[in-house]
Amino acid sequence: MTDDTTDGPEPHGPDHETDGGTVAGREPANYLDTEINLFSPATPFMRDHLKVVWGTFVLWVLFVFGPVTATALAPELLTGTIVLGFQLHFLLTAIGAPLGALLLSVVYARQRDRLDEKYGISHSTGPADSEGTTAAADGGEVQ
Amino acid sequence: MTATADLLVQIGDTGLEPGFKPIPAAITVGMLLLFLGVGYVFRVAEVDDLWVAGRGIGNIENGMAIGANWMSAASYLAVASLVALSGYFGLAYLVGWTTGYFVLLIFMAAQFRRFGKYTAPDFVGDRFYSDGARAVAAFTTLLIGFVYAVGQGRGMGLMSIYLFGTDYATGVILLMGITIGYVALSGMLGATKNMALQYVILIIAFLAGLYAVGWTQGYSTVLPYLEFGDEATRVANTIAAEFTAPFANASYYQWVALAFTLIVGTAGLPHVLVRFYTVENERTARWSCVWGLFFICLLYWGTAAYAAFGTLLGEQTPGLSYPFTGEQGDVMVVLTAQMANLPQWLVGLVAAGGVAAALATVAGLFIAGSSAAAHDLYTNIVNEDATQRQQLVVGRVTIVLLGILVTLTAINPPALIGELVSMAFAISGSVLFPMFFLGLWWENTTREGALAGMFTGLAFSTFGIVNEVLPTIAGINQGEPLVPAAAAVIPATSSALVAVPVVFLVTIAVSLVTEDPPTEVKRLVRQCHSPEPMQRMESAEDVVSGSGGGTPGDD
């Protein structure tokens, strides 16, 4: 859902290569100068990230509190419908809610990986502690 | 009636066969020795290793550790118990204790990894630039560990009745003693290796019992999760309509309040959050959270199946029938295997899995508690020049004291396993979740706001608990809540639905009228959300202060 939008160059552009980690004169990346706001993201990355966060969150609320609420509103329909031998409200609550949360977790983690890709971030897992900021300077691939 | 009563005396309150059983006992002892052996092989003395395992644990292994760390006696024994005892209301436990991981994933897991410190109180102390806030969070961590572990103690005592033929109290003392010795001897590196192993053992034990019952009774074949529908519906139609009737045992409000509390409680638990400190990078934090939820679901989907199978089998078993007692409920998983006439070694394996679940979680709780005491209370407040040796001593003394206190309380527990553990969730959800959430997502949250919010949360959750538990323990008011009207709105197990919005409002209001946090703190928050990679041993503070990473010990 976010792949086809090509937002501008990312804030970690030029400073990025000098991020040795021990350089005292490290200039702050823009990420450290822009406010974190859950409702009004200040960077393109945050905007993309929060889209994924809120999008999956709304679906999660439906999966988790939807079945019990629907059962309160239309008890006859949900307890009277039989699916796989289950009364529907029981199936949606006992199996559906955890399954929904699991699938949405996968969706979120994949979308978040795509954001890494889009913004040229690599979490390399090289030996010892030498990986990290420098490894990402090529704007590289994910894993 | 008399015949039933005689039979009950013979089989005991739990319905489990009494007496020492050599093979099940040997399975349990072998399992515990294996844990101790693995703990010994991966033993550590360095303080960095003790708490966060050198930050080198990968995806699936950490996912399994999340699973084992999470799945206590509350998951293994109590969810099936609560579904068997409370029907559809029990499903609120099933839903609350699984789906909360999603909230943890999207709002917190990776951010906590980027923050990169040792403990949950570390986060609160640094984020709210206050040793006072750190102390309150550390105290809360200890309180949560205590309440949570009491439920585990009850599970251990009940399992010991079947496995070792002890009475309940002896079982609690025996198994708690083993747990204390184990945690004090090995640190978290040993524990993380152990947790992956513990997950494998407990999921095998749990599912072996479920598959065997389903197979031998003709209830299910290859996928019991989706095959117990007929059985659940049959229970409702022929034994007890309230097994599936939506609001027969509790109202819609109570259902939602409980599920909400367990969800936010999940996202506020120090021993859960610390698992995200142990991973390589924030991507691993995210994916191990996903794997963790998957591993957790493998067990949770089976809990309602156990409840349905057990209730059906109870009707065919002399001396046992719906409605079950609290003791029978809390051993329902093992009882179901016994009622299905499975071989003793298999019933024993199921029971041993319950012990593994309890032991793994108590280990995680006690480690979180010991680091709260040694690192947050002692080193940061009492003795700033504490050596690593002194920290280890304080940590270990804390584990022993906490263990003794838990054992004494668990000998006469005031509620069911699941209810006790839910009370711990009410505390973490009301006190720590709002601090973590606002701390990470609203950079203007101030020290004063956090302190006001945490005290408000503590007031709500402890009032809810005291209101219901004190009459039971002290034998006053016929065991009824002190303020019945309050118990309906803020139940001991579910106070967070009311508390969380209030705590948010208090924290935000106080933050708005007090001086903004220092710029470095705001930058710390931003660094937790930045997409830029960090070095493995680097914390957000290192980046913000430009000091580089590598030696978290000296900050």
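So, A:Asp113 and B:Arg283: both of them are buried, and by buried I mean under 20% relative accessible area, with exposed being over 50% and partly exposed in between, using a 1.4 Å probe and protein chains only. Quick caveat: this is a predicted model, where local features need pLDDT of at least 70, side-chain atom pairs count only at pLDDT 80 or more, and totals for chains, interfaces and linings use all residues. Residues are numbered from 1 along each chain as its sequence is written, chains are lettered from A and ligands numbered from 1 in the order in which they are written, and side-chain values use heavy atoms, leaving out hydrogens and water.

Back to our pair. A:Asp113 and B:Arg283 make a salt bridge, 2.8 Å from N to O; that's a side-chain nitrogen of Lys or Arg within 4 Å of a carboxyl oxygen of Asp or Glu. A:Asp113 sits in helix H3 of chain A and B:Arg283 in helix H15 (residues 282-316) of chain B, so this pair joins two chains. Helices here are DSSP runs of H or I, at least four residues, numbered from the N terminus.

What else is linked to them? A network of salt bridges takes in A:Arg112, A:Asp113, A:Asp116, B:Arg283 and B:Arg286. Within it, A:Arg112 meets A:Asp116 at 2.7 Å, N to O. Those two are 4 residues apart in helix H3 (residues 88-118) of chain A, about one turn, and both are buried.

Now another one: A:Asp33 bridges to B:Arg523, with the closest N and O atoms 3.1 Å apart. A:Asp33 lies in the segment before helix H1 (44-73) of chain A and B:Arg523 in helix H24 (residues 519-529) of chain B, so that pair joins two chains. A:Asp33 is partly exposed at 43%, while B:Arg523 is buried at 17%.
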